[in-house]
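The following exercises concern the structure shown below.

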Amino acid sequence: MTDTAIKGVPAEDDPRHRVPLAKPGTTLTSITDIVAGIPERRATPKAWYVAFAIALTLLGTLGAMIAYLLFTGVGVWGNNNPVFWGWPIVNFVFWVGIGHAGTLISAILFLTRQNWRTGVNRFAEAMTIFAVACAAIFPGIHIGRVWLAFYLFPLPNQMQMWPNFRSPLLWDVFAVGTYATVSLLFWYMGMVPDLATLRDRSVHKVRRFAYGLLSLGWTGSGREWSRFEKAYLILAGLATPLVLSVHSVVSFDFAVSQLPGWHTTIFPPYFVAGAVFSGFAMVVSLMVPARQFFGLKDLITINHLEVMNKIILVTGTMVGYAYAMEFFIAWYSGNPYERFAFVNRAFGPYYWAYWTMVSCNVISPQIFWFKKARRSIPIMMVVAVFVNIGMWFERFVITVTSLSRDFLPSSWGYFRPTAIDMLTFAGSFGLFFTLFLLFCRFLPMVAMAEVRTMVPEGKPSHGHGHGGSHE
Amino acid sequence: MGTVMEAPMSNQDKAPAGVLALFDDVDSLLDACRRMRDAGYTRWEAHAPFPVHGLDKAAGIKPTVLPWIVLVCGLTGTGCAMLMQWWMNAHDYKYLISGKPFFSVPANVPVAFEMTILFASFAAFFGMLALNRFPRWSNPLFRMPEFRRVTADRFAIVVDPADPKFHAGAAFLGEIGAKQVLPVPADPSPAKFPVWVHMVGSLVTMAALIPVALIIRAHYVTSPNPPIHVVPDMDFQWKDKAQTSNPTFADGRAMRKAVAGTVSVDADVDPNLLSYQSGKSTMVDATGTTYRTDFPLPVTKELLALGEMKFGVYCAPCHGGSGYGDGPVHQRAMALETAGWIPPVNFHAETSLALSTGRLYDSIVNGVRGNMQSYASQLPTAEERWAVVAFIRALQRSQNASTSDLPQGMQPKEIK
């Protein structure tokens, strides 16, 4: 760059300069060694075993809770008249929301050419898939008679009837199903070249066979890359509206019904912003320990984390705006039921949940206005955990406050979860972390092929234009 | 599997599967590619560990047809979704929801959108695999230890023996900057599957068809055995059904008699109230049936108020608030041009005015000619039914009044 510095702006804050996307001095070889080195490690670190044991215990709890539920019935949960959508739906929306950051980072940031995504996208995509897997469990077991779950899908059955396509619950089946499938394709496809790297580096026959099987015969030829990149671009283009549609459709589950506090048009954008918010918080809270632990600091730099914290600040503020706007509209509509629903939310029996939500989601991210805070590991960890808690409470507040005050005051009630509710939710973290730890241990955590294009060696002619006498 | 096997030494006699040239950096690769292209080589590939900017042009790679495949599949997804929703909800099993049309685009957009994305994404993914001929687990390149770093930090050009200039390839690659040029050993494994693979394959295929055949057979064959209940749900319950025996009771009957002293709901009802065919005054109508024409109970203001309320709930939806047969159900049927719709009777028509009170009561209790159902269970007491009859009479009076009906002294004066 030949242009002079802007007065009063330190060089690293100059918007014309891009922050380095990998630590200077990183080479093609070092990228491969760092990333491929993790699954290739001979001895699995002890800490991994400890974490895996905890995750497996939780996973076992989940299995036991589901088995108990199946043999006993949904009465084991706190769901009861009038709150028939208790924790299972809260947990479903919570997990689906978390599953939004991955595809957002991969697709939207890819289309908008935010190159910093290369370091974190694989990680975030994996998180997306595992979160969606956790989410999918809850509506499945919430239907009561799980062996009839196939009624969710338009399959021919002995009743000779079909599902109702005017129901947002059915739209949900299609939206979440499509999202899970496309995210999986996107994640796997992006991983194929990296799996080929692992294949070619493996010494052990079994590993070479397994990675060889998964990498489908990738050789990295120009034609392969050309089609691969086109497919990747198309998938990104398809996933972008998809990721926006998924949480919109989830919000329709609420917004299309006629309940005060649910029946509002702000729900789709508000849910999407909340989903991105919670997803990024989850990425940060997983990324920080992972990069520390697996020595990925050269590839996932503090700059990456700072950018993600900025997104947390923006989406958190958007969510805060939505909370305020809901109140305004409730007042402005003049609808007494809507007004009651919102006053009841903030000052009724669930006030504690409401204010937990506001403090975690709206107030805590405001610290990210300060650059120091955005670049401080302890602060970002605390905020990320707060945001995850706050976003769970948001779904709880929306679901439970509206339902517990239904149209007949005689049936009003106060929702209390049971121990089974809590253990099932804790168990879902077991599933998430089990999958996640397996991913960290056996698959390339960073998109090596993409990061390679970010270092000087990966740029033809080292950035001096595309010189070449034959062009 | 080719990926696991190391190259055995026995394939020296076979012709090489190509020639491999290695490069150290991306610039020399791009430069070599341009020279290969310009020298007229046609069957060769450049390999790199990441997508190289400008390689398509340098190696003369044409744009892929993938986007078109995706477009076609995406549109197929939209079409399938629309067709599916129409067929399932508007054709094969019609859902009437709040009187909305059976098929309307807005309600079907979300599913159509998701299926468009789903089909298009499958096309992008599987299209990419198919165009690249993946999975291709066996590749002579995988047998070369030198090739392994090409997926990490080195670059390569591989020339296919099918290239017309293949014989000069090795030398040319050396000239244009390759660090190392090597023949690619041919694949030593036989090109055809051994016979036993075919045999086992066909046996497995045939075995796999057996369950399918059984399922298809079960569709056509009836069986005297009860169906298998995998999950019995509430099909079998610990309760007695009507007309069965139960040894717990001395008389062995599962159905118990009413406890001594039980009073029936209509035990005390005056038989006169329940009768609509005989009364103080009767008539014989056009069908030859005898009906009473009086009321078995005094018609009071309270009775009329009860009748008005019940009429509004149970009769007005079809017969209309004023009894002209123009209730909302009828209007909706007209708007939908429902075939075979029988309009509710207008209570102010000549024939209706002639109906006896007994006939009106009969209509409520027994329904009308199979075209109107009985309202006996909605109006369970005789008093309620007579109240509705009285109200219909009042309606008829109100809509067909003449000035002579007004009380004495309130008749309007003729205006001259």
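**Exercise 1. Determine what share of the contacts in chain A between residues at least 6 apart in sequence join residues at least 24 apart.**

Solution. A contact means heavy atoms within 4.5 Å. Among the contacts of chain A between residues at least 6 apart in sequence, 80% join residues at least 24 apart.

Before continuing, note the basis of the values. This is a predicted model, in which local features need pLDDT of at least 70 and side-chain atom pairs count only at pLDDT 80 or more, whereas totals for chains, interfaces and linings use all residues. Residues are numbered from 1 along each chain as its sequence is written, chains are lettered from A and ligands numbered from 1 in the order in which they are written, and side-chain values use heavy atoms, with hydrogens and water left out.

**Exercise 2. State how many helices and strands chain A has, and how many of its residues, in percent, count as buried.**

Solution. Step one: helices (H or I, at least four residues) and strands (E, at least two) are DSSP runs, numbered from the N terminus. Chain A has 16 helices and zero strands.
Step two: buried means under 20% relative accessible area, exposed over 50%, and partly exposed in between (1.4 Å probe, protein chains only). Of the 471 residues of chain A, 58% are buried.

**Exercise 3. Classify the ring pair of Trp225(A) and Phe228(A).**

Solution. Step one: rings of Phe, Tyr and Trp (its six-membered ring) pair if their centres lie within 6.5 Å; planes under 30 degrees apart count as stacked, over 60 as edge-to-face and the rest as tilted. Over all chains, the structure holds 69 aromatic pairs.
Step two: the ring centres of Trp225(A) and Phe228(A) are 5.3 Å apart and the planes stand at 90°, so this pair is edge-to-face.
Step three: Trp225(A) and Phe228(A) are three residues apart in helix 8 (residues 222-255) of chain A, and therefore about one helical turn separates them.
Step four: Trp225(A) is buried at 3% relative accessible area, and Phe228(A) is buried at 7%.

**Exercise 4. Locate Gln160(A) and Arg133(B), and state the phi value of each.**

Solution. Step one: most residues other than glycine have a negative phi. Gln160(A) has a positive phi near 55°, and Arg133(B) has a positive phi of about 55°.
Step two: Gln160(A) lies in the loop between helix 5 (117-142) and helix 6 (168-201) of chain A. Arg133(B) lies in the loop between helix 4 and strand 3 of chain B.
Step three: Gln160(A) is exposed at 62% relative accessible area, and Arg133(B) is exposed at 65%.
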